[in-house]
Amino acid sequence: MSTVIAFEDVWYGYEKETPVLKGVSLEIKRGEFVAIIGGNGSGKTTLAKHCNGLYKPTKGRVTVNDSDTQDMSVARLSKTVAYCYQNPDHQIFHQTVKAEVSFGPKNMGLPAAEIEQVVNEALEAVGLAHIGDAEPYFSSKGTRQKIAVASILAMRPEVIVLDEPTTGLDYRGMQEMMELVRRLHKSGHTIIVITHDMRLVAEYAERVIVMHRGKIVCDGDPPHVFTKPEMLASAQVEPPAIYRFGEAAGFLAPIPLTLAGMQSMLTRRD
Ligand SMILES: Nc1ncnc2c1ncn2[C@@H]1O[C@H](COP(=O)(O)OP(=O)(O)OP(=O)(O)O)[C@@H](O)[C@H]1O
């Protein structure tokens, strides 16, 4: 798999003397589904905002498709890497859903017929084709979150960064959002999700990056990451229930969150 985003010894601080990212090196491969986890204030959002140039490193460099983000505008980078804010209301400011979703492609200077096409496709993808003329502010949080996702989809980015996409959603809204993200991944997008929801990480992510105090302290697939209780505790991360259950039951090997994994757990005698 080729690399789409690379961090090379990236340092970043909001204030000069207090770095928030401390030498982060990382490669995101095309087509990956990556979750970034870690305690509050560990630097997840700061790292994610480097992916599309919202922040530029104080030291080190970030490249997107081999181009240094330092030399590129956010507008240009957004065509490749879209960032979906934790609070959809930070992103929504038009009177109708269609106007909202059209904003990005209009800014990109697409012709009217193409705008119509990409907007319809994006609304279709998130299941909101029927509410194009509705006012976003009167929609539920889950729907506003989907409108925000549609808005970035309409720009046809390669990589989608979702900052806490399920926060504030009820169980159904959460499932719908993650199924949508899964569909986007299956359709070829590279996905980076920042979340505190470990069940979602265990269920959906292929790769998990654990942040602690501005550094990456673990990077691997969910079974690799979630069977390191000491590392997780020091990073203030509680593993998903299925891994805690496995540990309590004395399993040495990781138990993936699959029906087969659960069956083997329940039937195992030794
Ligand atoms: N705009 C800002 N100005 C100054 N400091 C900031 C700013 N944004 C974040 N910080 C600080 O940078 C550190 C990392 O914040 P960041 O939001 O990246 O962490 P996080 O892991 O995403 O946290 P959370 O899970 O709580 O969202 C924190 O100490 C935070 O207080």
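This is a predicted model: local features need pLDDT of at least 70, side-chain atom pairs count only at pLDDT 80 or more; totals for chains, interfaces and linings use all residues.

Entry 1, a sheet. I began with strand 4 (residues 59-64) and strand 5, which pair in the antiparallel sense over 2 bridges. Helices (H or I, at least four residues) and strands (E, at least two) are DSSP runs, numbered from the N terminus. Two strands pair if DSSP finds at least two bridges between them. I found V64 opposite S67 in strand 5. Both strands belong to an open sheet of 4 strands in the order 2-1-4-5, with antiparallel pairing. Strand 2 (21-29) and strand 5 (67-68) are at the edges with a single partner strand each, so one side of each has no neighbour in the sheet.

Residues are numbered from 1 along each chain as its sequence is written.

I read off 11 helices and 10 strands for the protein. The radius of gyration is 19 Å, close to the 18 Å that the globule rule gives for 270 residues, so the protein is as compact as a globular protein of that length. The radius is taken over C-alpha atoms, and the rule is 2.2 Å times the number of residues to the power 0.38. The C-alpha trace spans about 65 × 45 × 35 Å along its principal axes. Of the 270 residues, 40% count as buried. A residue is buried if 20 or more other C-beta atoms lie within 10 Å of its own, exposed if 12 or fewer, and partly exposed in between, with C-beta atoms placed from the backbone.

Entry 4, strands 6 and 7. I saw that these two pair in the parallel sense over 4 bridges. The bridge partner of C84 in strand 7 is L162. From strand 6, V81 and Y83 point one way and A82 and C84 the other way, and all are buried.

I placed K79 in the loop between helix 2 (74-77) and strand 6 (81-84). Is K79 buried or partly exposed? K79 is partly exposed, with 14 other C-beta atoms within 10 Å. Not counting residues up to four places away in sequence, K79 touches M108, M155 and P157; contact means C-beta atoms, placed from the backbone, within 7 Å.

I took helix 5 (residues 141-153), which has 13 residues and reaches 18 Å from its first C-alpha to its last, close to the 18 Å expected at 1.5 Å a residue. The expected span is 1.5 Å times one less than the number of residues. Of its 13 residues, 11 are buried, among them R144, K146 and L153. Its cover includes strand 6, helix 3 (97-107), helix 4 (112-125), strand 7 (159-163) and helix 6 (171-186).

I checked strand 9 (residues 207-212) and strand 10 (residues 215-220), which pair in the antiparallel sense over 5 bridges. M211 stands opposite I216 in strand 10. The two strands form a hairpin with 2 residues between them, and R213 in the turn has a positive phi of about 50 degrees.

I listed residues around the ligand, including Y14, V20, N40 and K44; a residue is near if its C-beta atom, placed from the backbone, lies within 6 Å. The largest share of this shell, 3 residues, comes from helix 1 (residues 44-50).

Terms used. Two residues are in contact if their C-beta atoms, placed from the backbone, lie within 7 Å.
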